[in-house]
Amino acid sequence: PYSTLTVHQSQDILALVVFLVLATSISQLIGRMTDNLNTAHARENETTRLYELSLVLAKQHRELDIIRSLAEHILRTFQSDRVEILAETESSNLLVRLPHNQLPGMDLPPQPTLLISLQGATHLLGEIRLWRIEKPFSPIEDRLLHTSASQGVLALERARLTASENRARILDESDRMKSSLLSSVSHELRTPLSTIKASVTSLLSEDVPWDSE
């Protein structure tokens, strides 16, 4: 009959207990395997995303291109409502905001959902501001965001070091050209000056009889 549990033989109670223990153990094992599988998939997705970001950033050499690529990656990967990246440079501040136009019917709060600093080796390079209203960021997403920000910092520092190296090379070439120019000019000046000096010395000398002409 339904909604009843009748055991006719006592040994069947032991069988039911064993079945219950086995079912509980198997469900726990399956649940643990499912959690491990989900974790493995999350780590694989995280590694893939970071690898894609590193490939994109490795191709960029200007700071503006690096910031724009980082913003596009964050907007696409985390399905954010808005991404803003502010970077401080020697001459001015760079700001990239995606998407460029606010979607109709979406009023975002003034304060971002998540704020991540772009901390360099010696000073602060900027910050990342993210808005996502419908779903909060999970711990895995937060870790992936900070790792992406670290890759962005490395790319920015690489770009700045490259720019400094180029400026130093240009200055060195400029100094070498100026030295060559001064050497050439001084040589061109020394030749007529030596001729004039020799002529004046000869004219002033009393050992040579010069006529009036």
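## Ground rules

In this predicted model, local features need pLDDT of at least 70 and side-chain atom pairs count only at pLDDT 80 or more, while totals for chains, interfaces and linings use all residues. Residues are numbered from 1 along each chain as its sequence is written, and side-chain values use heavy atoms, leaving out hydrogens and water.

## The sheet

Let's start with the strands. Helices (H or I, at least four residues) and strands (E, at least two) are DSSP runs, numbered from the N terminus. Two strands pair if DSSP finds at least two bridges between them. Here, 4 strands make an open sheet, ordered β2-β1-β4-β3, with antiparallel pairing. At the edges sit β2 (93-98) and β3 (114-119), each pairing on one side only. From one strand to the next, the twist averages 10°; axes are lines fitted to C-alpha atoms, for helices over the stretch in contact, and angles run from 0 to 180 degrees between N-to-C directions.

Now look at the partners. β1 and β2 are joined by 6 bridges and by a hairpin of 4 residues, and Glu 84 stands opposite Arg 97 in β2. Likewise, 6 bridges link β3 to β4 (residues 124-131), where Ile 116 faces Ile 128 in β4.

## Helices against the sheet

Contact means heavy atoms within 4.5 Å. Helix α2 (residues 63-78) packs on the sheet and touches β1 (82-88), β2 and β4, its direction making about 25° with that of β2. Helix α3 (residues 139-204) lies across β1, β3 and β4, at about 35° to β3.

## Pocket and cavity

On a 1 Å grid over the protein atoms alone, a cavity is a set of points where a 1.4 Å probe fits but cannot get out, and a pocket is an open set with protein on both sides within 12 Å along at least five of seven lines; lining residues have an atom within 4 Å of a point. Grid points are joined across faces, edges and corners, and a volume is the space filled by probe spheres set on the points.

The largest pocket holds about 270 Å³ of space. Its lining has 14 residues, with Thr 77, Phe 78, Arg 132, Lys 135 and Glu 141 nearest the centre. α1 (10-58), α2 and α3 each give two or more residues to this lining.

The whole structure has 1 cavity of 30 Å³ or more.
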